[in-house]
Amino acid sequence: MLLIHCPYCDEKRPEIEFAYGGEAHIARPLDPSALSDEEWETYLFIRSNARGRHHERWRHIHGCGRFFNAVRDTVTDKFETTYKAGEERR
Amino acid sequence: MSGYRVTGAGRVDRARTVAFTFDGQTYQGYEGDTLASALLASGVTLFGRSFKYHRPRGVMAAGVEDANALVSVTRGPGRFTPNLRATAVEIYEGLEASSQNRWPSLKTDMLAVNDRLGMFFPAGFYNKTFMWPRSFWEKLYEPTIRKMAGLGNSPTEIDPDHYTAAYVHCDLLVVGAGRAGLEAALAEAGSDKRVILIDEQNELGGWALSDPDQAQWLAQSVATLTAAANVRILTRCTAFGFYHDNFVGAVERLTDHLAQPGSGAREKLWRIRAGEVVLAQGAIERPLVFEGNDTPGVMLASAARTWLYRYGVAIGRRPALMASHDSGWQDAFAMAAGGVTISAIVDVRDTVDDALLRQAADLGIAVHLGSSVIGVSGRHKVTGVEIAANSGTGRKRIACDALMMAGGWTPTLHLWSHSKGTIAWDESLGAYVPDKANENVRCAGACSGQMDLGTGVVVPALPTPKDASRIKAFVDFQNDVTAKDIGLAVREGFKSIEHVKRYTTNGMATDQGKTSNINGLQLAATALGRPVVDVGLTTFRPPYTPQTFGALAGHAKDALFQATRKTGIDGWAQDNGAVFEPVSQWRRAWYFPQDGEDMHAAVNRECRAVRESVGIFDASTLGKIEVVGPDAAEFLNRMYTNPWKMLEPGRCRYGLLLREDGFITDDGVAGRISPNRFHVTTTTGGAARVLAMMEDYLQTEWPDLDVWLTSTTEQWSVIALQGPRARDVLSALDTDIDLSPEAFPHMSVRLGQICGVPVRLFRVSFTGELGFEINVPAEYGPAVWKQIVAAGQPYGITPYGTETMHVLRAEKGYIIVGQDTDGTVTPMDAGLNWAIGKKKKDFVGKRSLARPDIVAPGRKHLVGLLTEDPSLVLEEGAQIVADPAQPVPMTMLGHVTSSYWSEALGRSIAFALVAGGQERMDETLHIPMPGAVHKAQVSGMVFFDPEGARINV
């Protein structure tokens, strides 16, 4: 079971306290109706599926409840870093 | 010497004799014996029958790595454990053990005929032989194979034992309490570190238990560690798996060794999070591969030494040794020093260290260098061996009554590999050793490759002048895999060791190849003509040794398997005869049978009561979210399809929630309590999901909105009062709310008090009748419920359950998200276009409603179905076709999602998802069901009171 550092609680906590939230830094378009079908498809469905460094969202759902971002290596399953939502991509 | 027990040797307690039975016969051993040592002491050599060929088998190793001597132990009803290793079963007074995989008895096993039919059971035989005809597999081949080839029987009764579990944290976890593990723990004894020392055996010491020279050091070390307050010692505890971030799973066996197990937990699962882990799992001696190496009495040299020095048991009067490694010579010398005559030492090497030869000469032991055992005589016990020079010449017989084999050592890398540490091939050891760590873990002692056992050579299989295709030289003893099976796999084109493993099943038995992996790898590499490192090694996976399901399940069984959520009114429902059904984690009253009614009679009566007078229903399980803040209306406006900003305080609205892909995910009614406060309801099963979805958007997409979300599902008891007399009942109660239709119209909410407690009173209906949902703080629910029931007596108020609720809503065409939708249904598909705010620029999922696939024709629409035979109730889930005469497989148009008998209409009704359903109105479709194909006509979904006249009263 992984230990995950919650940047809000500033503590490493067991994985069961967290929920995975998919790839990070995919902002919902401000005006979806202005998007073409292809652009909307890209937003909805197309993900990087990275082998290696992966930016992803986690939520400390059984803790503080906050969403945050993480960089995890999908090969080694090791977290490189976690940071608060809204901060620059690392 | 009594039997094979050696006077004065071993750690067993001679003062305490222990009587036990094996296959019904009574034996005696001493406290401290394992089942294996006690039986060996009594002269038993035959312990079991092999998996495939039913060959007689004895014990091969002295520890958990033994592949042969699997036994079953029974302790009364439900307490039957198969496939235990005789070498790891501690005896206690009254132990009842039995052998496995034999019929009618261990000595006379009819299926031993398989051994002579071996030519029909090569590697992969079940893939080749039983392929045709295909239909025979399930009914004939598989059951027959399972009966013939197998392990112990599965228990047939429920395990009455209970199992406990604990989380524990430590700074240092040491796995294995042999010399290296003890030293690692001793280094921190008395420090400020929290240390846990784990060992799978009944006492600490590992190999030191088999070496009297270390006895004094061992006793002192154990005393020091026992006295150290910072060290927790867990014996009879197996660390079975190493998981992320130094998380180690271990099972402690608490009662299996006790004659009186008592009422405590049988086993304890330890979930250990360690700062640092030291793996001191030791090394396992390798068998040698030659014909007859599985004969009872052929065993690892180190095991023979353990039986002598730890248990005081000689494996024979004059055993011989077959070695490719110096360590076997040392074991033979130690045996000789203990009074056991060694009949001969055979070594495959042409030369060995002079010191070994001198010592053998001093002890008068005959030595045969450059030679190999090429056959073993004796079926249930070794009576001699045949040897030959490696050139094939000079065949001769050596009389002996046991054979030790010493093929070198394999470091135990299981947990290291679980932790994803890398491994490197060590040519001198002929084995893999740990390389780079992936966690904060290190190996110590023999499992790190640090061994002081002399040198040896690696021989995939011993040389033999016999025809290699006609002999059985075992590699994997538990799965009956021979050297020629591995050769066959390679000849048939399997080049990866992972494929060779699966084709031959080498290393796939319950011992996970502890004694066979490296030999199998060497054989495969030789056959492929490639270096071992190029062939690779199969993956180690938890558990290190088999563990019970009980230990892994722990308390999570029966009533504790999953939490059962109950509403405050649940007790009343139980007292009043409700039949319950599970709805997500809730248990809900399903219906309330009276006087022996069956479900249909009860539901029909409940439906009539609601339509004709008044019914009362516990709706407390509805998900509830309090949405609060200056931007609450804006937030809901963005989340739901409907418009919310103009909704006045005191009014309610049906809300439809889509996912961003445009499909319906939830629905519910929300009431505006005040300009900045909404009381939002969700489906019973969707509450947590909807709240998580709202939090996601609020936190990550619209952090600028000033809104707070709070789950209030369990804070409110919700009493639905439905039926034409609902207002009459409510009026009879003490309330300050004006209930008149003018003051309190349909789809509105009022705050006030009822029966002296605060209430959020909703005028809403999921039945199509005049209805109220009375929300009171949860703790007042039962009291208010009872007062309403009392006030409703003049009107025959009738409690109803979820089944009646379903029928009533279906009569009105109200959908249930998750039953009538399945994650692929849009608002248009469900006929809910009216719930979409047409003027809204955006909401979650809006853009997707214009996706090409969603606007394309031919989508499945939710429609009503009326059967031609009004008394026939279709099966939910039944498929729908246009033409029942078409050839199979038919083109399926959709399926029935909801189907009931409608008491109000006196006929059946149904909803269905049907391709192009909205264009098929009045069309007749066909529903094949078991026994008959039924006809039904596509209709609208509102079957009862389409004008809604009954609600607005």
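This is a predicted model: local features need pLDDT of at least 70, side-chain atom pairs count only at pLDDT 80 or more; totals for chains, interfaces and linings use all residues.
In chain B, five strands come together as an open sheet of mixed pairing, arranged in the order S2-S1-S7-S5-S6. Strands here, like helices, are DSSP runs numbered from the N terminus (E, at least two residues, for strands; H or I, at least four residues, for helices), and two strands pair if DSSP finds at least two bridges between them. At the edges of this sheet lie strand S2 (25-31) and strand S6 (80-85) of chain B, each of which pairs on one side only. From one strand to the next, the twist averages 35°, with axes taken as lines fitted to C-alpha atoms, for helices over the stretch in contact, and angles running from 0 to 180 degrees between N-to-C directions.

Strand S5 (residues 70-74) of chain B pairs with S6(B) in the antiparallel sense, over four bridges. Val71(B) has Leu84(B) in S6(B) as its bridge partner.

Residues are numbered from 1 along each chain as its sequence is written, chains are lettered from A and ligands numbered from 1 in the order in which they are written, and side-chain values use heavy atoms, leaving out hydrogens and water.

Attention now turns to the aromatic rings. Rings of Phe, Tyr and Trp (its six-membered ring) pair if their centres lie within 6.5 Å, and planes under 30 degrees apart count as stacked, over 60 as edge-to-face and the rest as tilted. By this rule there are 23 aromatic pairs over all chains. Phe494(B) and Tyr503(B) make a stacked pair, 4.2 Å centre to centre with 25° between the planes. Phe635(B) is buried at 0% relative accessible area, where buried means under 20%, exposed over 50% and partly exposed in between (1.4 Å probe, protein chains only). In chain A, ring pairs link Tyr20(A), Trp58(A) and Phe79(A) into a cluster.
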